[in-house]
Amino acid sequence: MTDDVLFLSGDRVTRLLGADAAIASQRAAFTALGDGEADLPGKIMHPSRFDDSVVFAYVSRLSADTGAVAKFGSVNPANARAGLPTVHAVISALDPVTGELVAVMDGTAVTTLRTAAGSAVAVDALSAPDAAHLAVLGSGTQALAHVRAIARVRDLKSVRLWSPNPERRTRAAATLAAELPFPVEPVDTARAAVTGASLVATCTLSTTPVVHGDWLAPGCTVVSVGSFEPTRSEVDPEVLRRSAAVVVDDPETAAGHAGPIIDALREGLLTADDLIPLGAVLTGRRRARTRPDDIVHYNSVGLGIQDAAAAWAVVDAARRSAREASG
């Protein structure tokens, strides 16, 4: 290990990787996937036999110019009750030529930023240009990050936020309202949040649907980031049934990990060919929305390539900062 390895805390990662840079990194990640240029081995997600936590490991490489990146961590749903992030992780980045360790960084901060930024890329690619009314299901770290990120790609006029705990949803809405130039309202039911919304983001760890298809307005785009393993399903089958297009971060990964997608494939509601990769939409190889009234659903389980793109954006920013500091 060399003396110039970067060790980056969560606060440092957040300072280095701003919202727009995070979104750019995710656009690069999914474009590379769409062009077939990235290395994306299968990810590991293993539910614990001791509690409801899930251990995960991702390895990937974005390009020849960026080395391999590995992320190891766990999802701990009980953390939400204590006001803690439910995902904790560490990321290592290796030199693209020698394989030497380049950086070790807080994977929790990277995960928060890249997940929300990936959803913003999806919203930008899939939703109507004038989509302006956002419903958010969840009140934790990802819920807040999603509002902030989606506001970078759409001119939001309002946000309605729901989660099961009245105190947490009220606090989350107040936090966002204090920093954003549009109203953020806590509401009493998931249906009240979703009804009439042009954008819906589900940021929960729910094992039962929090969004029902018959609530959705024509033209709505639904983004789900909590259905990342077979037992978790944030949307009901009617969401998929009403969707003109079902878009995923990666079809093979979604078919093995995303609860609603697994169920729909098993029950014949979808076929493998129905799963549209986000990267294919970004590169023009596939179309998702074809009419203004189309409902489009995007299910993200999270990919290592997202971490690789974000981690190298952080490394590049840290190196620029060091050069500027040295004059």
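## Helix α9 and its end

Gly268 follows helix α9 and has a positive phi, near 80 degrees. Helices (H or I, at least four residues) and strands (E, at least two) are DSSP runs, numbered from the N terminus. This is a predicted model: local features need pLDDT of at least 70, side-chain atom pairs count only at pLDDT 80 or more, and totals for chains, interfaces and linings use all residues. Residues are numbered from 1 along each chain as its sequence is written, and side-chain values use heavy atoms, with hydrogens and water left out.

Helix α9 spans residues 259-266, and its buried residues are Gly259, Pro260, Ile261, Ile262 and Ala264. Buried means under 20% relative accessible area, exposed over 50%, and partly exposed in between (1.4 Å probe, protein chains only). These buried residues pack against α7 (237-242), β12 (245-248), α8 (251-257), β13 (275-277) and β14 (296-299). Contact here means heavy atoms within 4.5 Å.

Asp263 and Arg266 also lie in α9, three residues apart, about one turn of the helix. Their side chains meet in a salt bridge at 2.9 Å, N to O. A salt bridge is a side-chain nitrogen of Lys or Arg within 4 Å of a carboxyl oxygen of Asp or Glu. Asp263 is partly exposed at 25%; Arg266 is exposed at 57%. Thr231 sits in the loop between β11 (221-224) and α7, and is exposed at 51% relative accessible area.

The whole structure holds 15 salt bridges. Arg171 is partly exposed at 44%, and Glu167 is exposed at 58%.

Arg169 bridges to Asp188, with closest N and O atoms 3.3 Å apart. This pair links distant parts of the chain: Arg169 is in α5, and Asp188 is in the loop between β9 (184-186) and α6, 19 residues apart. Arg169 is buried at 7%, whereas Asp188 is exposed at 64%.

The largest nonpolar core has 70 residues; Met105, Leu126, Leu134, Val147, Val159, Val247 and Tyr298 have the most contacts inside it. Helix α11 (residues 304-325) gives the largest share, 11 residues. A second, separate core of 18 residues includes Trp162, Ala193, Val200 and Val211. A nonpolar core is a set of buried Ala, Val, Leu, Ile, Met, Phe, Trp, Tyr and Cys residues joined through side-chain atoms within 4.5 Å.

Helix α4 (residues 141-150) is largely enclosed by the rest of the structure, because eight of its 10 residues are buried. Among them are Leu144, His146, Val147 and Ile150. Their cover includes α2 (19-34), α3 (107-126), β7 (133-137), β8 (158-162), α5 (166-179) and β10. Leu134 contacts Val147 and Ile150, and its other contacts include Leu156, Val159 and Val200.

## Two buried serines

Ser198 lies in the loop between α6 (190-194) and β10 (199-202), and is buried at 19%. Its side chain reaches the backbone nitrogen of Ala132 at 3.1 Å, a polar contact (a pair of N or O atoms within 3.5 Å; within protein, one must be able to donate a hydrogen and the other to accept it, and residues adjacent in sequence count only if both atoms are side-chain atoms).

Ser224, in strand β11, is buried at 0%. Leaving out residues up to four places away in sequence, Ser224 touches Thr202, Glu234, His297, Tyr298, Asn299 and Ser300.
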